[in-house]
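Here is a quick tour of a protein model, written for someone new to reading structures.

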Amino acid sequence: MKLLRNTIALRLGLGATLGALAQLSALALLAVSGYLISRAWEQPPILYLMVAITSVRLFGISRGVLRYTERLVSHDAAFRGLERLRIAVWRKLVRLAPAGVPVWRSGDLQARLVDDVDGVGDRWLRGALPLASAVIVSVCATALQATLLPAAGIVLGACLLAAALAGPALATWSSRHAVRATATARGDLTEGVRAALHGREELVAAGTDAQALERVLQGDERLRRAHARIAWTAGLGEAAGLLALALAVVGALWTGIPAVHAGTLDGVLLAVVALVPLAAFEPVLALPAAAQQTAVAKACGRRLLEITQAAEPRPDPVEPMDYEPNPLGGPPFIEIKRLSVTWPGAETPALHGFDLTVQPGERVAVMGPSGSGKSTLAAALMGFLPYEGSLRFGGVELAEYDGDDIRRTVGLCSQDAHVFDTTLAENLRLARPAADDGDLARALRWAGLRDWLEALPDGLQTRLGEHGRAVSGGERGRIALARCLLADREVLVLDEPDAHLDAATAERVLRTAMAALEGKTTIVITHRPLPEGVVDRVVHLRAPVPTPRRDAPDNRLLGVAPTG
């Protein structure tokens, strides 16, 4: 990771250098061109002009080559940084999402993950790199002008400094409210569009689609006004730079013409003195927009910090233990004693005083009504929630492990698993990217989808539509089951695997899946009885009492019933 950071920093530094060299080539091109035109007017022998002619060609070609190389290097560095940042935000959301992220709406989260990350990346491309180029070019242009005519150099330096300070300050001051409002307005608009699109059938049926569209248009208008304010004020700052440019050119002529008459400046160089400010101000005129982009990037960064600095429900230990596989082979021994789990923001535990021992390779069903803590147990086993009591894997407390290590050992088949708008194959390869088509077909067969797969027009390449609209609820659940089977975890938690299925189909799917999971530890969470022989035993739960007393007997575990 440190090597990657150093690589990005080196590439950004190289990009800044190449950008400055491209601007210096433009400066040299304009200066040499002015000299060549003035010298050619004197009609000297052509050989006297060969160096200037060749230099014009050199600087003209090098400007384009250096600009292209700068864009290539700097964008590569920026995209590497964006990749790291987006992955970091995504990983943070992965740890926050199971316990809920009520502070942010889904559309706002999408805007933060996409637009705000891009905005932070623009801080380097459109903020820091233009500033570096402007500083280098300004110093070199002032030095050149001072060498030709000291008075003109003083005028140019003063005008460049005024433009570099006044333009960005004016643009930033006049647009500070719009810059802060842009990120928020973008998140509101994304959420409004998402809600309108996902609920379009219900909105049309209720006759409220026009109101929803009006709200989206109002959000778009707020974002448009914020962008217009930013663009207008950027133009205001650029106008200040153009005024300084005009003063620099007038100042160059005002000091240069008397110098030519006095004989202290060669008349051929007067054109150079007059044209140097035009090239020197090119990067400086971009500073107002760069300053605004920096302000936008800071606003985007603050929104991302709200995510990355959010307290995790179950933070990883400072010095996590390395997960050690079962020395006898196979899944670990699981021992749960007096387990209590409370969701963030809740006052009472959703699971209280729970005891369970699971032997390696054993299949256990946890049965109970809604609200009894079954899904809470699954979240605790996945390392998503903190707990009280004891939850041991192979004799080691689960809290001692890194969360990612836990999830490389325990797999969860959730009843509300997401199906993406892509092909069936790509949805399955989320679990194992290197899986071939044979592995995917085998997993689908284990999940009871063999006939369905054979009936698909494009087989594994069939697109499943937005949120899996092309599949039924039962098919969506079995696709999630196939994904978990494909992941091949040592411990698998199946949360309502028989949801949306009739009794006959549910029994067939469960028996096929359990056969595929032979030798794996399996915990099946369900609210209805399972067919005989599917699991080794059943643990019954009931809803927790609101305020359990310290001396109250454990009433969570009602009994263990062997089934076969």
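Before we start on the sheet, two strands pair if DSSP finds at least two bridges between them. Helices (H or I, at least four residues) and strands (E, at least two) are DSSP runs, numbered from the N terminus. This is a predicted model, where local features need pLDDT of at least 70 and side-chain atom pairs count only at pLDDT 80 or more, while totals for chains, interfaces and linings use all residues. Residues are numbered from 1 along each chain as its sequence is written, and side-chain values use heavy atoms, with hydrogens and water left out.

**The sheet**

- Four strands form an open sheet in the order β2-β1-β4-β5, and the pairing is antiparallel.
- The edges belong to β2 (351-358) and β5 (396-397), each of which pairs on one side only.
- Five antiparallel bridges link β1 and β2, and V341 sits opposite L351 in β2.
- Strand β1 (residues 334-341) also pairs with strand β4 (residues 388-393), again antiparallel and over five bridges.
- In that pairing, I334 faces F393 of β4, and I336 has L391 of β4 as its bridge partner.

**Helices and their packing**

- What does helix α10 touch on the sheet? Helix α10 (residues 374-381) packs there against β1, β2 and β4, where contact means heavy atoms within 4.5 Å.
- The direction of α10 makes about 120 degrees with that of β1; axes are lines fitted to C-alpha atoms, for helices over the stretch in contact, and angles run from 0 to 180 degrees between N-to-C directions.
- Helix α7 (residues 209-262) packs with helix α9 (residues 287-308) at about 140 degrees, and their axes are 8 Å apart.
- That angle makes α7 oblique to α9 (under 35 degrees is roughly parallel, over 145 roughly antiparallel, 65 to 115 roughly perpendicular, and the rest oblique).
- On the α7 side, the contact uses I230, T233, A234, G237 and E238, while α9 brings P288, Q292 and V296.
- Sorted by class, that contact has four nonpolar, three polar and one charged residues (Ala, Val, Leu, Ile, Met, Phe, Trp, Tyr, Cys and Pro count as nonpolar, Asp, Glu, Lys and Arg as charged, and the others, Gly among them, as polar).

**A closer look at L304**

- L304 lies in helix α9 and is buried, with a relative accessible area of 5% (buried means under 20% relative accessible area, exposed over 50%, partly exposed in between, using a 1.4 Å probe and protein chains only).
- Leaving out residues up to four places away in sequence, L304 touches L85, V89, R112, D116, V117 and V120.
- L304 and P344 are 40 residues apart in sequence and 21 Å apart in space, C-alpha to C-alpha.

**Cysteines**

- How many disulfides are there? The count is zero, with a disulfide taken as a pair of cysteine sulfur atoms within 2.5 Å.
- C484 is in no disulfide, and its nearest cysteine sulfur, that of C413, is 4.3 Å away.
- C484 is buried at 13% relative accessibility, and C300 is buried too, at 1%.

- Most residues other than glycine have a negative phi.
- R338, which is not a glycine, has a positive phi of about 50 degrees; R338 is in strand β1 and is partly exposed at 41%.
- E496 also has a positive phi, near 50 degrees; E496 is in the loop between β7 (491-495) and α16 (503-516) and is buried at 10%.
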